[in-house]
Amino acid sequence: MAGGVISGNSKAYPGELTWKVFVTCLVAACGGLIFGYDIGISGGVTSMTPFLKEFFPDVYKKESEIKASSNQYCKFNSATLTMFTSSLYLAALLASCVASFVTKACGRKISMLVGGITFCVGALLNGIAVNVWMLIVGRILLGIGIGFANQSVPLYLSEVAPYKWRGACNVLFQLSITVGILVANAVNYGFAQIKGGWGWRLSLGGAIVPAIIFIIGSLTLADTPNSLIQRGKLQEAKERLLKIRGVDNVDEEFNDLVEASEQSKKIKSPWFNLLKRKYRPQVFFAIAIPFFQQLTGMNVFMFYAPVLFKTMGFGDNASLLSALITGAVNTLATIVSILLVDKFGRRFWFLQGGIQMFVMQIVITGAIAFKFGFNGNPGELEKWYSILVVLAICIYIAGFAWSWGPLGWLVPSEIFPLEIRSAAQSVNVSVNMIFTFFIAQIFLQMLCALRFFLFVFFMIWVVLMTIVIYLYLPETKGIPIEEMAGIWKEHWYWKRFVPVADEEMAEVKDTKKDEDKN
């Protein structure tokens with residue numbers, strides 16, 4: 001199979017998935033709660049009439065007028081409304097760059113703690129907001145928190161987990177995101193029933209709860225052995241490694257971590273080092289995977305699920321209930337990934353999920369085109385039609401949730417060598433946030449302009465990304481994180497960029513000569 005190379009000479013470090021390690025990973029993964037809660041909550045409150053009436057009266061007026069007119073595609077098209085949703089991701093993009101330095105210099109734990117505290121402040125500000133600018137400033141603070149969390153949590157999970165269970169442990173982060181989305185959808189549905197129309201404040205302010213969970217969790221965690229070694233705390237790192245591996249001897253893994261750290265210290269500028277030819281494969285996937293992940297169209301359903309369902313003729317409560325159903329499917333499918341990602345491998349799930357999403361996008365596009373056409377006037381929606389649309393979207397979401405959702409965080413976090421790991425993860429998060437911002441900012445305008453062809457746009461990207469994975473991504477299952485460099489040397493395409501042992505030795509000598517001159 002193209003790209004499906006597994007290194008045959010990788011080391012097998014001793015270590016089991018102990019309860020201590022599992023609980024540690026579970027606590028760290030709570031960083032995904034804040035991201036997921038925000039994704040779910042923002043789409044829900046923007047479909048609540050009292051919220052729109054108070055903060056986005058132009059959208060409320062347009063929605064009221066269009067109920068009696070023809071074009072359902074354009075009724076939520078508002079630059080201010082999309083800025084409310086997307087401002088968070090622009091802030092997360094900038095924060096992730098700062099977080100890369102904090103994560104490397106101060107450790108993964110501190111970066112996680114900063115993320116939790118900042119998110120908590122943003123949630124409080126949103127809950128008490130009295131104007132649009134308070135909402136947007138609050139969301140910027142939420143974005144800073146998410147930028148720090150998304151930069152540090154996947155690294156923490158990949159470094160703590162035993163290599164044989166690294167996939168399952170890392171997917172806990174994605175599970176946490178989906179649980180956050182599900183809880184947010186349930187909260188929106190429940191608080192929307194409150195008389196007086198102030199339930200949206202509880203929805204937005206409720207983000208404090210996952211933030212506090214994440215803060216408390218961060219305070220209880222010890223840093224990773226990789227991070228401790230990188231900061232010169234060798235004895236503490238070895239003791240930590242012994243605890244998390246649950247064995248009496250970790251000398252081989254510890255020595256390899258120390259050696260990797262020594263090599264990383266020779267790199268004066270990790271950001272500039274990313275441009276080196278030998279890191280071309282890792283940098284390519286640090287950019288390509290989050291790029292494609294956002295262009296699957298999944299965030300359209302997560303951000304705007306209630307808005308989308310409402311556009312398609314579902315009432316206020318029905319749209320929130322439909323979003324709750326899709327959130328539950330998202331969570332259950334992610335659990336499937338946790339159970340099976342280390343059995344079938346990364347490539348299998350990437351490819352299977354891509355095919356499943358493509359087929360369901362054909363069904364969704366056909367259903368919308370059939371009822372809405374170009375003029376956006378569906379008339380009365382029959383029950384069978386509503387069931388078909390929700391079912392197709394659920395199957396689509398399941399395909400994403402056990403493939404591109406969790407693997408979009410797992411694979412980039414496990415392929416980076418230590419010397420560029422923090423900087424490369426920042427690139428991964430930054431690209432993710434750039435295109436999350438892009439999709440959130442333009443989706444409603446694209447829906448208004450392209451009608452049902454918007455889903456054809458996403459369909460094309462799903463086909464392209466599946467082909468790229470098939471051709472260029474080697475299998476990373478079952479390979480220790482510090483041994484990952486070997487897979488590129490055996491890949492049919494990437495081997496031309498990765499130096500062999502003699503070239504690596506020459507590069508080390510050249511680096512030493514430069515240091516001696518200085």
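**Aromatic rings and a buried residue**

Modeller: F291, F292, F350, W404, F435, F438, F457, F458 and W461 form one aromatic cluster. The model is predicted, so local features need pLDDT of at least 70 and side-chain atom pairs count only at pLDDT 80 or more, while totals for chains, interfaces and linings use all residues. Residues are numbered from 1 along each chain as its sequence is written, and side-chain values use heavy atoms, with hydrogens and water left out.

Biologist: How many aromatic pairs does the structure hold?

Modeller: A pair of aromatic rings is described by the distance of the centres and the angle of the planes. Rings of Phe, Tyr and Trp (its six-membered ring) pair if their centres lie within 6.5 Å; planes under 30 degrees apart count as stacked, over 60 as edge-to-face and the rest as tilted. The structure holds 34 such pairs. For F51 and F56, the centres are 5.7 Å apart and the planes are at 50°, so this pair is tilted.

Biologist: Is the pair of F285 and W488 stacked or tilted?

Modeller: F285 and W488 are stacked, at 6.0 Å centre to centre with 25° between the planes. F285 lies in helix α15 (residues 280-294) and W488 in helix α23 (residues 486-489), so the pair ties together parts that are 203 residues apart in sequence. Helices here are DSSP runs of H or I with at least four residues, numbered from the N terminus.

Biologist: Is F285 buried or exposed?

Modeller: Buried means under 20% relative accessible area, exposed over 50%, and partly exposed in between (1.4 Å probe, protein chains only). F285 has 1% relative accessibility and therefore counts as buried.

Key:
Helix = DSSP H or I, 4+ residues; strand = E, 2+ residues; numbered from the N terminus.
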